Amino acid sequence: MKTRAAVCRAFGAPLSVETIELRPPGPGEVLVNMAACAICHSDIFYIDGAWGGDLPAVYGHEAAGVVETVGPGVTRLEPGDHVVATLIRNCGFCPACAEGAPVFCEEVFPLDRETPLRDAAGRPVVHGLRTGAFAEHIVVDASQAVAIPKDVKLDSAALIACGVLTGLGAVVNTANVRAGSSVVVIGCGGVGLNSIQGARLAGCDPIIAIDVESAKLSAAREFGATHTTNARGENLAGRVAELTGGRKADWVFVTVGVKGAAEQGISLMKRNGATVLVGMPPSGVTATIDPGSLAADGQRILGSKMGSARPLIDVPKIVALYREGRLKLDELISGRYPLDRINDAVASSRSGAALRNVIVF
Ligand SMILES: [Zn+2]
Ligand SMILES: [Zn+2]
């Protein structure tokens with residue numbers, strides 16, 4: 001079938017909105033009519049070439065829509081289902097899936113071997129971030145789509161697919177924090193605000209939010225931060241020590257992909273504390289740590305990929321918290337844009353001013 005998509009043809013250049021060819025869903029796959037796709041910083045890193053990869057490509061992976069058709073053998077979903085679509089393609093049976101880590105699924109799927117997308121000239125187009133959701137329709141493996149109740153707004157639901165799963169999951173899955181733990185969150189964008197609301201839901205205290213944008217720090221307070229600190233000009237280590245009885249934080253979550261933020265984060269954890277690295281810098285960026293003091297202080301550094309999410313468990317839980325009014329989604333949306341204005345949405349997200357911009361179809 002034909003669909004319209006925002007195609008990246010050169011790194012750093014504006015996306016080009018084109019009519020492309022999308023093949024029908026094969027066995028185990030679904031075709032989703034897109035309702036909304038938010039712009040994540042990972043999309044921008046890809047658009048800017050920070051992580052390499054082939055072109056042309058369609059990115060976009062924070063998505064929600066309505067199942068249009070299902071391929072042979074799909075029993076868990078049916079046409080008309082409202083779904084959140086993630087990039088977490090998983091088989092359920094490999095060693096990674098069996099140990100509850102579907103983000104590290106080892107299976108190779110037909111969609112991994114061959115892209116479902118072709119441009120007007122018949123050339124293959126990369127199915128970016130395993131989703132290709134800056135498009136009016138997507139074909140994904142059924143494991144990537146999780147059904148949600150039909151009364152949940154799809155533009156808000158789209159945010160769950162990456163920012164919420166990742167930010168909240170880093171706190172409640174990867175770190176599995178305890179009530180009363182002291183938490184620092186560095187970066188208060190679409191991921192960091194969800195780490196903050198995860199820490200609030202888990203009963204952490206204090207929850208100290210750090211950013212360089214004062215608007216994001218105000219948002220952090222709305223999402224549950226007990227204290228905020230502007231990284232520009234304030235003595236972060238002194239401030240965090242002052243708020244934690246001189247010990248610094250039990251848990252530090254670094255939600256931005258910036259080397260300096262990772263190094264700063266490591267300096268803000270207490271003895272016997274832990275730092276969770278959530279944001280991913282461009283390929284090749286390295287940070288400096290002091291292994292001696294890490295060992296002497298019994299500290300841990302953990303990576304968190306997609307919030308260690310198990311979508312079939314986490315998405316329904318997040319939707320339930322949202323419907324009960326205990327988790328914010330609507331407030332994460334800074335702007336809504338049609339696909340034809342995606343370059344404006346990307347520019348706004350890149351400037352750092354927006355929480356999340358959403359393409360609505
Ligand atoms: Zn993302
Ligand atoms: Zn698997």
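**Terms and their criteria**

Author: Helix α11 (residues 311-323) contributes the most to the lining of the second largest pocket, with three residues; helices (H or I, at least four residues) and strands (E, at least two) are DSSP runs, numbered from the N terminus. This is a predicted model, in which local features need pLDDT of at least 70, side-chain atom pairs count only at pLDDT 80 or more, and totals for chains, interfaces and linings use all residues. Residues are numbered from 1 along each chain as its sequence is written, chains are lettered from A and ligands numbered from 1 in the order in which they are written, and side-chain values use heavy atoms, without hydrogens and water.

Reader: What makes the site of the zinc ion (ligand 2) tetrahedral?

Author: Four donors count as tetrahedral if all angles lie between 85 and 135 degrees. The angles among the four donor atoms here are 106 to 115 degrees, so the site is tetrahedral.

Reader: Which atoms coordinate the zinc ion (ligand 2)?

Author: They are the SG atoms of Cys91, Cys94, Cys97 and Cys105, at 2.3 to 2.4 Å; donors are N, O and S atoms within 2.8 Å of the metal (3.2 Å for Na, K and Ca).

Reader: Why is the contact of Arg356 and Glu62 called a salt bridge?

Author: The term requires a side-chain nitrogen of Lys or Arg within 4 Å of a carboxyl oxygen of Asp or Glu. The N to O distance is 2.9 Å, so the pair qualifies. Arg356 lies in strand β18 (residues 356-360) and Glu62 in strand β5 (residues 62-70), so the pair ties together parts 294 residues apart in sequence.

Note on methods. Tetrahedral: all angles 85-135°; square planar, octahedral: opposite > 155°, others 65-115°.
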